[in-house]
Amino acid sequence: MFRIIAVWALVAVLSALCIPVAAQTAMGTAFTYQGRLNSGGASASGLYSFQFRLFGSIDGITQIGVTQEMEASVVGGLFSVPLDFGSEAFAGQKRWLQISVKSPSEGTYTTLSPRVEIGAAPYALYSTDAASVGNGLMTAANGNIGLGTTNAGLDFHIRTNDTPAIRLEQTNLGGWTAQTWDIAGNEANFFVRDLTGGSRLPFRIRPGALTSSVDIAAGGKVGIGRDNPDAKLHLGGTAGTDGIKFPDQTLQVTAYRRVVTSATVVSTPLAPWTSADLTIPAPGAQPNTASIVNLDVDLPLGLIISNVRSGTDEVHYQIQNISNSPLIIPAGNMHATVLQ
């Protein structure tokens with residue numbers, strides 16, 4: 001009879017004093033529960049067996065998660081146990097802990113009453129304001145962090161029904177100009193948004209973009225449509241098909257090179273106010289790309305070079321006599337630069 005009274009005395013005192021001293025989050029879904037156990041009006045000490053069950057109400061019958069059963073050393077009335085009811089246990093609603101205990105001399109557990117309401121500490125992994133979107137900030141057992149998901153696939157995983165995003169906001173309190181950027185993605189594109197600048201989207205990637213659509217290598221070399229660029233700007237694609245389109249919608253599929261071409265000029269007399277039409281061979285020259293036509297000897301005063309233009313495979317130019325006297329075109333070599 002004394003033993004039973006002692007047990008019930010233990011139960012009555014424990015139900016009043018077994019309150020959370022602290023509930024600290026650990027890695028994953030586990031947390032530490034600390035309590036105080038008194039027996040017969042004095043602090044209990046020794047090895048005790050505990051059972052912990054989680055419920056959604058103070059008197060409901062639906063248990064959440066599995067029963068946690070363990071032995072714990074009670075020292076000066078204090079004990080500490082790790083509890084883990086799974087990732088779905090704490091989803092923003094209130095929770096109550098039902099505790100059963102037995103002393104070393106007891107054969108059966110006695111369930112304490114009332115249940116103990118769990119404080120806010122396990123919810124450090126959950127935002128109650130986020131309950132409307134399913135799950136808030138969750139930390140998985142491997143350390144991955146999920147926002148809006150309990151199944152974080154990477155170090156940080158954001159899941160939402162419309163355009164998951166991260167906002168980077170700099171205030172002007174530090175003396176710098178306020179600026180806000182958004183990094184986001186949806187079915188249309190991945191983008192960087194200049195919120196301060198009128199929500200412009202200066203950077204966008206469309207779904208289906210190929211690997212190495214833009215590839216920046218060491219030293220600042222940039223590849224477009226290819227990896228491992230070996231020039232400051234290195235274009236990939238199909239030769240003769242892919243190229244650069246200009247604002248006038250002209251598509252250039254060949255990279256032209258600038259070359260210098262030359263021709264011999266023979267000594268030729270030129271009457272006043274007349275001109276001589278001359279050409280320089282330029283195989284592969286692109287139309288209207290010739291420039292810098294010059295003679296490797298000085299022209300007499302009154303002779304000028306004009307009307308330089310390139311045609312197919314040659315450069316055309318004129319030497320004009322703009323004086324009132326006959327002049328002689330000196331012999332030499334005429335040079336021009338063209339695009340091939």
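Which residues lie nearest the centre of the largest pocket?

**View 1. The largest pocket of the predicted model.** Leu235, Gly236, Asp242, Gly243 and Ile244 lie nearest the centre, among 15 lining residues. A pocket is an open set of points on a 1 Å grid over the protein atoms alone, where a 1.4 Å probe fits, with protein on both sides within 12 Å along at least five of seven lines; lining residues have an atom within 4 Å of a point. The volume of the largest pocket is about 320 Å³. Its lining comprises six nonpolar, eight polar and one charged residues, with Gly counted as polar.

**View 2. An open sheet of three strands.** The order is E18-E19-E20, and the pairing is mixed. Strands are DSSP runs (E, at least two residues) numbered from the N terminus, and two of them pair if DSSP finds at least two bridges between them. E18 (214-216) and E20 (233-235) each have a single partner strand, so one side of each lacks a neighbour in the sheet. E18 and E19 (residues 222-224) run antiparallel, joined by three bridges; Asp215 has Gly223 in E19 as its bridge partner.

**View 3. The hairpin of E27 and E28.** Strand E27 (residues 303-311) pairs with E28 in the antiparallel sense over seven bridges, and Leu303 stands opposite Asn321. Two residues separate the strands, and Asp313 in the turn has a positive phi of about 70 degrees.

**Notes.** Residues are numbered from 1 along each chain as its sequence is written, and side-chain values use heavy atoms, leaving out hydrogens and water. In this predicted model, local features need pLDDT of at least 70 and side-chain atom pairs count only at pLDDT 80 or more, whereas totals for chains, interfaces and linings use all residues.

Methods:
Helices (H or I, at least four residues) and strands (E, at least two) are DSSP runs, numbered from the N terminus. Grid points are joined across faces, edges and corners, and a volume is the space filled by probe spheres set on the points.
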